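Dear colleague,

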Amino acid sequence: RSALAPVMHHESFAGIMLSDEPGRVMYEDLTESRGIFESVLADTSEKLYHVNLFPTYATEKQLWFRSYTDEDVLPVESYTYEQYLNDFMDMYDPQVLSYDFYPIQGSFPELMGGYFENMSVIRKAALEANIPFWVYIQTCSFASGQRISTEADLMWNVNTCLAYGAKGIQYFCGVNPQGNFTGSMFDVNGNRTEMYDLVKKADEMIAAVDEVLMCSRSEGVIVEGIMPLLNETDRMTLPESDRLQSYRQLTGAEANHALIGCFDYDGKTALYVVNNAIAADEEAGTAAEDEVTLRFAENVFGYTLDAAGKKDFSGNALTLPLGAGEAMLVVIG
């Protein structure tokens, strides 16, 4: 209570992150802590008491214990990520579902597999509970093999999450006071870094589309063309259960590498069109830039929206030129 007193009535105070990447053994305590914080903050209006979960690449022991030694033994035969998530949803009953997955791994433009599969599991749980999901975006290098995101990396990371239905974008990390991470938005002395400007560009896009995406329900995604390369030969995959072939007026698309998030925007059709590439694809012979053409069943009218502003359009097709990782929101009707 004394720690919260100086900040709990500040207009910028939004709530508390109770725990980062907890293990299953912590769930009971977190649930009790949430009740205590709600009591302390009862007169400050509704605040969030959220918890950020592990990614799918966490080990079974991490999912159960968080921190463990070689002597620790799982009290169950196995503990899957799905069970870890289900237990959290049942016991904690979150206001938002937050998790992290850091795919910017290896030398540019390599990526880490499992990215869309993790987001798919989180998205499904959030939709079933009728709550938003939040995701962390990788801005810095904090472990061996993790590179600092380029502009294309960052924009792709943000925009693919938005296309998948994420309602909250978090960054890891903003500032690292210890100075043992590289690439944060602020250095140990609070000075802006190059990453600050990249995040600002991403946030300008988020701010532009916020009015639509925050009021829309994710219905699935359309994949047109190839998925990003993980390395020289292997490509990212995306669960078939999330894929749509068409959506309402949209009968199909033409592109080298596009990911199209399909949303119900209070009865209207909203499409978040992403260039699903961060670099030229030598194996497929495609450039990093792309032109995405949307085909409609009939003449439609609507508007496009990005950080540059809103533009009206009409017709039975719409072509969008997009740089690596860039996106455009299309609203029909």
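To begin with a term, a residue is called buried when its relative accessible area is under 20%, exposed when it is over 50%, and partly exposed in between, using a 1.4 Å probe and protein chains only. Please keep in mind that this is a predicted model, in which local features need pLDDT of at least 70 and side-chain atom pairs count only at pLDDT 80 or more, while totals for chains, interfaces and linings use all residues. Residues are numbered from 1 along each chain as its sequence is written, and side-chain values use heavy atoms, with hydrogens and water left out.

The cysteines come next. C215 is exposed, because its relative accessible area is 52%, whereas C262 is buried, with a value of 0%. The structure holds zero disulfides, a disulfide being a pair of cysteine sulfur atoms within 2.5 Å. For C215, the nearest cysteine sulfur is that of C262, 18 Å away; for C262, the closest is in C161, and at 17 Å it is too far for a bond.

Now to the aromatic rings. Rings of Phe, Tyr and Trp (for Trp, its six-membered ring) form a pair if their centres lie within 6.5 Å, and the pair counts as stacked with planes under 30 degrees apart, as edge-to-face over 60, and as tilted for the rest. The structure holds 19 such aromatic pairs. One of them joins W64 and Y79, edge-to-face, at 4.8 Å centre to centre and 90 degrees between the planes. Because W64 lies in helix α2 (residues 60–65) and Y79 in the loop between α2 and α3 (81–92), this pair ties together parts that are 15 residues apart in sequence; helices here are DSSP runs of H or I with at least four residues, strands are runs of E with at least two, and both are numbered from the N terminus. W64 is buried at 14% relative accessibility, and Y79 is buried at 4%.

The pair of F88 and Y92 is stacked, because the ring centres are 5.2 Å apart and the planes are at 10 degrees. F88 is buried at 1%, as is Y92 at 4%.
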